[in-house]
Amino acid sequence: MGDVSVGRFVPLSIPNFEGNERKYVDDAIDQGWVSTGGAYITKLEEKLAEFLHTDNVAACQSGTAALHLSMVEAGVGPGDVVLVPPLTFIAAVNPVKYQFATPVFIDCDDSFCMDPRKLQAFCENECSFDGIQLKYNNCHVKAVVVVHVFGNMADMIAIMDIAEKYNLKVVEDATEALGSKFTDGPLAGQYAGTIGDFGCYSFNGNKIITTGGGGAVTANDTKVVDHIRYLSTQAKDDVHYYIHNEVGYNYRMTNLQAALGVAQLEELPGFIRRKQAHYKLYCELFEGFEFGKMMGFRCDIDSNMWFYSLEINRDKIKASMRDIITTLEKCGVQTRAIWGLINEQIPYKNAVTYELEKAPYYAERILNLPSSTQITQDEIKYVVEQ
């Protein structure tokens, strides 16, 4: 490895505030609207709906809140089964537990997203179907959570066909894929999160745009989004007498967060172009690298390319992922492992899994590289050199 420049550090993924962020946040403060009411919340919802070409969006506190509200609205409850991925951030699966339902883990394919062939095989070979309900061990299989990992997109044509056949609700976890869309086929022009019954987004600090903490949810029925918005504001029916006819949640986004989000959304197209250019440079620089290769994205999509993945060649590299990460960090390069498999975590160690092959394979091999929108070409070259 080359010598480390004094004090040099290339972070994994940090926010980029180059636009109107301070202006809009200061405006929200000056107006005194800082909590869960204010014009910026409405503006963010409208601008996001416009960007996604969808009718309605509800802004909320986090991507996890969006996923939980989707589970509630999908009618997932105690005794139900939800089909989920093992290779993703655990927040995609925890809301299943919040509803006292049971997750069943279905393997991924080479996109890191759920494998529709194994999804179909599970429904066909492990379940019974009476034409109305799909059942696994006499429990109603109610929904499937599809995560668009790192800005890639799952095979939504195949998954939606399966969902329609078996009456499954589809929750799209597009928390990493804001701006990714199909460019070919029947879904051409449709964005991640706008194809299934529900679409969830995250604006965490490391996402392509951020509100610090925050998220949003859309659905294929505008009335459903209205009801989600209602649930996110404690299901308040009478503002004067505080009447609540349903169990609600404190899941609404604040106006300060939304002010930040409106500014970030203005910059999203430019951020995506930068991500794509940086990924192309990584691929060029890693060409012929004997210790690993850059993972690709589906050829029928225009991806936001949120995160970049290097597949370590395990025939030549035996070091643990932890050793690789800590060694690179000493050289001023922050990287991370893809994730620990959710089904191997203590809360899920007894969960049912189905034909997990690709997920454990990639869990041992994928290293995520620095991918901030403001990373420089020089920094990318330095990362690759190390």
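Among the elements of the protein chain, strand E11 (residues 236-238) has the lowest mean pLDDT, 93, while strand E2 (residues 81-84) reaches the highest, 99. Here pLDDT is the predictor's confidence in each residue, on a scale from 0 to 100, and helices (H or I, at least four residues) and strands (E, at least two) are DSSP runs, numbered from the N terminus. The mean over the protein chain is 97, and 98% of its residues reach 70 or more. The model is a predicted one, so local features need pLDDT of at least 70 and side-chain atom pairs count only at pLDDT 80 or more, whereas totals for chains, interfaces and linings use all residues. Residues are numbered from 1 along each chain as its sequence is written, and side-chain values use heavy atoms, with hydrogens and water left out.

Turning to the overall layout, the protein chain is divided into domain 1 (20-265) and domain 2 (268-385), with bounds that come from an automatic or database domain assignment. The C-alpha centres of the two domains lie 24 Å apart. Their contact (heavy atoms within 4.5 Å) takes 47 residues from domain 1 and 41 residues from domain 2. The area buried between them is about 3800 Å², and carbon and sulfur atoms give 64% of it; buried area is the accessible area (1.4 Å probe) that two parts lose on being put together, summed over both. In domain 1, Phe105, Phe150 and Ile208 lose the most area to domain 2, together 21% of what that side buries.

Charged pairs come next. A salt bridge is a side-chain nitrogen of Lys or Arg within 4 Å of a carboxyl oxygen of Asp or Glu. Between domain 1 and domain 2 the count is 2 salt bridges. Lys358 forms a salt bridge with Asp110, with the closest N and O atoms 2.9 Å apart.

A search of the whole structure finds 13 salt bridges. Arg229 pairs in this way with Glu45, the closest N and O atoms being 3.4 Å apart. This pair links distant parts of the chain, since Arg229 sits in helix H7 (residues 222-232) and Glu45 in helix H2 (residues 39-52), 184 residues apart.
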